[in-house]
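Hello,

Here is the structure I promised to pass on to you. Please open it alongside this message, and then read my notes below.

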Amino acid sequence: MNAVLEAMQERRSVRKFLPDMPQKELIEQITEAGCYAASGMNRQAVITIAVTNPELRSRLSEANRKIGGWQEGVDPFYGAPVILVVLAEEGCSTGIYDGSLVMGNLMLAAHSLGLGSIWIHRAKEEFESPEWKALLSELHIEGSWTGIGHCAVGYIDGEAPDAPPRRENRIYWAE
């Protein structure tokens, strides 16, 4: 089977990560893969912030936890040491779709490099707040951005989950 198709069938969402930080070169390869996602009219109006700083990662986790309504101590990122935040340019009519394609590329790239990943929501709500808009300013990111998602990345703690059976009647032919 083609390696890309195989990766698509094998990749699973991981909910338990080791605390070990992946090599920066691996994270660079993953984020680069995100840059090659298709985008409407080739606008390339999506950015990724690679959060590897443990203190910033903890702050982001806590903000996400509060938005999600979980009790204190819950880590919505399942212990993943790297959080790739995907943002789309506000006002871009295809931003949500383009950002979703970036997320898919990030997760497939992580899998292909032997890392686990999972898509975590609530980036939209986070980056509507002054605290996280201030982070964009600190990083010299200009413009207005909307959060699409977080790709939590790291080494899998244990075995990768098996694929659940695929539901039937999801493909229809109009020949």
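This is a predicted model: local features need pLDDT of at least 70, side-chain atom pairs count only at pLDDT 80 or more; totals for chains, interfaces and linings use all residues.

Let me begin with the cores. The largest nonpolar core has 20 residues, and those that touch the most other members are V51, L60, I83, V85, L87 and W132. At least two residues of this core come from each of β1 (46–51), α3 (54–68), β2 (82–89), β3 (116–120), α6 (130–138) and β4 (145–154). Apart from this core lies another one, of 19 residues, which includes I27, V86, L115 and V153. As a general background, nonpolar side chains in soluble globular proteins tend to be buried together.

Setting aside residues up to four places away in sequence, V85 touches I47, T48, I49, V51, L60, F127, G149 and H150.

What does its side chain reach? The side chain of R65 makes a polar contact of 2.6 Å with the side chain of E62, and it also reaches the backbone oxygen of W70 at 2.4 Å. Beyond its neighbours within four places in sequence, R65 is in contact with W70, Q71, E72, G73, V74 and P76.

Most residues other than glycine have a negative phi. N42, which is not a glycine, has a positive phi of about 55°. N42 sits in the loop between α2 (24–35) and β1, and it is exposed, with a relative accessible area of 53%. R122 is not a glycine either, and has a positive phi of about 80°. You will find R122 in the loop between β3 and α5 (123–126).

Finally, the surface. M1, V4, L5 and M8 make a nonpolar patch of about 430 Å². Of these, M8 belongs to helix α1 (residues 3–10), and its relative accessibility of 47% makes it partly exposed.

I hope this gives you a handy way in. Do write back with any questions once you have had a look.

Best wishes

Conventions:
Residues are numbered from 1 along each chain as its sequence is written. Side-chain values use heavy atoms; hydrogens and water are left out. A nonpolar core is a set of buried Ala, Val, Leu, Ile, Met, Phe, Trp, Tyr and Cys residues joined through side-chain atoms within 4.5 Å. Buried means under 20% relative accessible area, exposed over 50%, partly exposed in between (1.4 Å probe, protein chains only). Helices (H or I, at least four residues) and strands (E, at least two) are DSSP runs, numbered from the N terminus. Contact means heavy atoms within 4.5 Å. Patches are made of residues with over 30% relative accessible area and no salt bridge: like charges are joined within 9 Å, nonpolar side chains (Val, Leu, Ile, Met, Phe, Trp, Tyr) within 5 Å. Accessible areas come from the Shrake-Rupley method with a 1.4 Å probe; for residues, only the protein chains shown count as cover. A salt bridge is a side-chain nitrogen of Lys or Arg within 4 Å of a carboxyl oxygen of Asp or Glu. A polar contact is a pair of N or O atoms within 3.5 Å; within protein, one must be able to donate a hydrogen and the other to accept it, and residues adjacent in sequence count only if both atoms are side-chain atoms.
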